[in-house]
Amino acid sequence: MIKKRSIIFLLTLISLNITGQTNLDYYFGDNISFNSKISKPSDILDFEIGEKHVSHDQLVKYMHIIAEQSDRVKIERYGWTYEHRPLLLLTISSPDNLTKIDKIREDHLKLSDPAYPGDISITNMPSVIWLGYSVHGNEPSGLNASLLVAYYLAAAESDELNNILSNTVILLDPSINPDGYSRFEQWVNQYMSDVSISDPNNVEHNEAWPRGRTNHYWFDLNRDWLPLQHPESQARIKQFHKWKPNILTDHHEMGSNSTFFFQPGIPSRTNPNTPPENFSLTNKIAAYHADALNKIGSLYFSKEQFDDFYYGKGSSYPDVNGSIGILFEQASSRGLSQQTVNGVLDFPFTIRNQLTVSLSTIRSGYELKNELLKYQADFYRQASELALNEPVKAYVFDGGVDHSKTNRFLDILLQHQINTYRLSEGLFYDDHNYSTNSSYIVPLEQDQFRLIKAIFEKSTSFADSLFYDVSAWTFPLAFDIEYTAIAGKSYKNDLLGDKLIEIPELTGKVSAKSSYAYLMKLDDYNSYKALYMILKNNLKVKIALKSFSTSGGSEHDRGTILIPVNIQSKTEDQVYDILKEISTKSNIDFSHVSTGFNQAGIDLGSPNMVNLEKPKVMMLVGNGVSSYEAGEVWHLLDNRFGIPLSMVEIDRFNRINLSRYNTIIMVNGNYSRISGSSREKLEKWIRDGGNIIGTKGGSKWLIDHNLANIKLKKTSKDTTSIKNYGDMYQHIGAQNIGGSIFEATLDLSHPLCFGYPDKYLSLFKNNKLFFQKSNNPYNSPVLYSEDPLQSGYISKENYELVKNTSGLIVSSIGRGKTICFSDNPNFRAFWYGSNRLFLNAIFLGDIISSSSTR
């Protein structure tokens with residue numbers, strides 16, 4: 001016999017059909033009149049919002065229909081995702097405003113021009129409010145709520161709403177991450193039952209790897225507002241600066257057992273470049289959310305857990321651009337309903353909360369309109385004054401000979417509307433000669449003063465030791481670009497040359513046809529793209545292990561690529577034509593040589609010219625593996641360099657033929673699901689000549705399973721004193737390394753360091769894996785320095801551990817090698833500086849002498 005309490009428990013797990021909760025009265029109440037000529041979502045979807053998850057194509061269809069039906073709505077496609085889904089932006093305002101929307105936008109932008117007279121009338125100027133939904137694809141309540149927000153603004157009939165629309169321009173971005181959302185939506189809808197199952201263990205609530213949070217390449221787009229490495233972010237940032245909204249909302253979800261969060265967040269963790277007035281205004285807006293959520297009985301919190309320190313998020317990037325960014329976090333039902341500590345959480349309830357704060361945001365933007373507009377004008381007007389009082393007057397940087405990498409950095413600056421100039425005259429500063437050929441200068445006296453500081457400055461002192469995300473992201477260090485801050489009297493306006501309007505055009509060429517050989521230097525980021533294309537065309541390639549000067553006096557460093565002509569299976573003309581095509585596609589130069597007898601150094605037939613093989617790369621993926629870091633490798637190889645990458649799930653590893661690959665990659669993750677027989681299979685493959693590359697947790701697995709000869713530094717637990725229980729989370733959190741930047745020194749003679757211009761490199765570290773310095777002096781080409789911290793937070797205990805450790809160690813097993821990184825060299829796709837180490841491991845790992853790694 002089933003006990004009564006068991007029946008009650010089962011009833012809580014199996015919710016009744018929620019159709020009755022999903023009609024418009026549930027979301028809006030019964031006091032709102034709607035224009036019957038505007039289609040309700042259910043008219044187009046054939047189900048009520050909340051009964052199932054709307055697909056992205058259904059959302060696109062509905063948004064276009066209401067834009068056709070309503071004179072309050074205009075719609076545009078502002079970009080495409082990797083999977084070619086449209087990114088939509090709805091402009092919603094009064095019909096009269098929409099007829100003059102370009103003039104309204106142009107007038108609004110005058111507020112962000114410090115040079116514009118301060119007597120701009122804001123009385124009749126609308127505020128601009130941007131509503132952005134579901135940047136994380138598996139946080140669906142925001143996207144589903146966006147249809148209700150759009151319907152309400154297009155169809156609701158009241159004098160109050162008419163007045164709001166006359167005084168606001170609302171920009172509605174209904175789906176920031178369509179690719180990720182589509183993965184998630186397909187998952188939950190395919191496992192949706194007629195009877196809603198709230199059991200958290202149900203498959204509906206537990207997506208398959210890599211899950212729908214991220215974009216096509218498994219990147220968190222809510223960390224990409226600053227790096228701008230993906231088309232979704234690049235398209236969105238263009239629209240952001242086209243309008244410069246006064247408020248931007250960022251609608252998310254969090255753990256199911258929580259409630260609802262809205263900012264201001266934790267005051268001590270606000271970025272110091274954000275004006276204090278921003279926090280005050282955010283707090284004022286918070287009162288609107290609190291009032292609205294009180295009316296529907298929803299629980300919430302507002303000053304805990306989340307912060308606005310890292311400017312690469314949707315709720316923080318606006319803060320450094322004269323706007324108010326607001327984060328919303330709704331406890332997630334994931335599927336249609338889920339049992340939580342607060343009872344059964346239904347999908348419609350999560351949607352209603354997101355709808356409610358969307359409308360409270362609009363109300364605040366209307367009622368605080370003049371205050372918001374004045375704040376924005378003051379924000380930019382203060383830029384000149386702040387710059388005058390700032391000790392640093394400009395940043396100058398030298399891209400060196402790596403034009404491809406420099407262009408990518410310049411492109412980011414231009415997308416952020418940062419005025420950048422060529423250096424007008426040579427400058428020797430801080431022991432570096434900045435030449436006019438490769439150097440640029442960014443003065444701080446411009447409207448993006450605060451953003452420039454955020455991108456260029458180094459910080460090692462903080463008001464708080466806890467960070468929701470990274471504590472440092474200094475871009476020139478990430479790009480391994482030589483730069484310095486010019487202070488005080490050393491700066492003069494005469495240093496500003498031509499203003500950069502667009503990134504410089506790059507071209508590649510073959511100097512002339514040769515019947516003997518061609519040379520390519522490895523010092524440009526795109527050299528690896530060209531190298532793979534050469535190997536893909538089945539040309540035989542050699543690489544120089546030592547430097548030389550050609551008979552014509554041209555100097556070539558270690559890592560120079562040699563393409564001999566006469567040993568190829570192709571004709572002289574075919575080789576020339578292939579290299580011409582590659583130079584055009586990669587913007588890389590090839591020089592011709594007519595003799596192998598060099599002026600200095602090794603000759604072209606030297607034993608120190610060794611053969612290179614085409615990389616055949618496989619990466620382990622699946623449950624336990626970090627989808628972020630696997631995605632970074634996938635994006636790097638596939639999107640940037642056109643290198644095929646086979647991604648194999650761990651569970652299939654023991655069933656595949658490893659002879660198809662010469663390189664295997666194991667990124668950060670938990671590899672406990674690799675069986676003993678799989679480990680033996682992997683070791684045999686390495687002994688037979690395979691190379692395996694590990695990063696972070698992947699390296700740790702190789703070490704723990706005796707496939708890498710590395711000793712780790714151990715962290716010690718503090719057992720010496722009794723501490724206050726109330727300080728526990730602060731103390732434990734302070735021992736985390738959320739993300740900081742450290743200086744390392746390179747052995748430039750080692751193949752893994754070929755192509756670097758000097759021996760110093762900035763590495764990003766966000767873990768506590770510390771490699772002891774190896775007893776073998778030749779197998780650790782990357783070493784953290786004695787005093788390595790360049791920017792970011794690290795506790796004293798962890799700082800002692802990171803000093804003088806190895807960042808990269810190579811071990812030999814038979815004829816193969818394991819190449820272990822203690823950190824992630826491909827962080828968020830913008831750590832271009834250490835990308836080269838990883839690419840060298842793929843292309844050049846096989847040429848590392850085994851004698852140096854034992």
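Analyst: Helices (H or I, at least four residues) and strands (E, at least two) are DSSP runs, numbered from the N terminus. This is a predicted model, in which local features need pLDDT of at least 70 and side-chain atom pairs count only at pLDDT 80 or more, whereas totals for chains, interfaces and linings use all residues. Residues are numbered from 1 along each chain as its sequence is written, and side-chain values use heavy atoms, with hydrogens and water left out.

User: What makes Arg-381 and Asp-378 a salt bridge, and how are the two placed in helix α13?

Analyst: A salt bridge requires a side-chain nitrogen of Lys or Arg within 4 Å of a carboxyl oxygen of Asp or Glu; the closest N and O atoms of Arg-381 and Asp-378 are 3.3 Å apart, so the pair qualifies. Because they lie three residues apart in helix α13, about one helical turn separates them.

User: Why is Arg-381 called partly exposed?

Analyst: Buried means under 20% relative accessible area and exposed means over 50%, with partly exposed in between (1.4 Å probe, protein chains only). Arg-381 has 34% relative accessibility and therefore falls in the middle class, and Asp-378, at 21%, counts as partly exposed too. Elsewhere, salt bridges with shared partners join Glu-139, Arg-213, Asp-220, Arg-223, Asp-469 and Arg-828 into one network.

User: Why is Ile-602 called buried, and which residues does Ile-602 touch?

Analyst: Ile-602 has 11% relative accessibility, so it counts as buried, and its place is in the loop between β25 (600-601) and β26 (609-611). Contact means heavy atoms within 4.5 Å; leaving aside residues up to four places away in sequence, Ile-602 touches Ala-544, Lys-546, Ser-547, Phe-548, Asn-608 and Met-609. Ala-544 is 58 residues away in sequence, and the C-alpha to C-alpha distance is 8.5 Å.

User: How do you know that β19 pairs with β23?

Analyst: Two strands pair if DSSP finds at least two bridges between them. Four bridges join β19 to strand β23 (residues 561-564) in the antiparallel sense, which meets that rule, and Tyr-518 stands opposite Ile-563 there. Strand β24 (residues 591-593) pairs with β19 over three bridges, also antiparallel, with Ala-517 opposite Val-593.

User: What order do the strands take in the open sheet of five strands, and why do β17 and β18 stand at the edges?

Analyst: The order is β17-β12-β16-β13-β18, with antiparallel pairing. β17 (482-487) and β18 (496-499) each have a single partner strand, so one side of each is left without a neighbour in the sheet.
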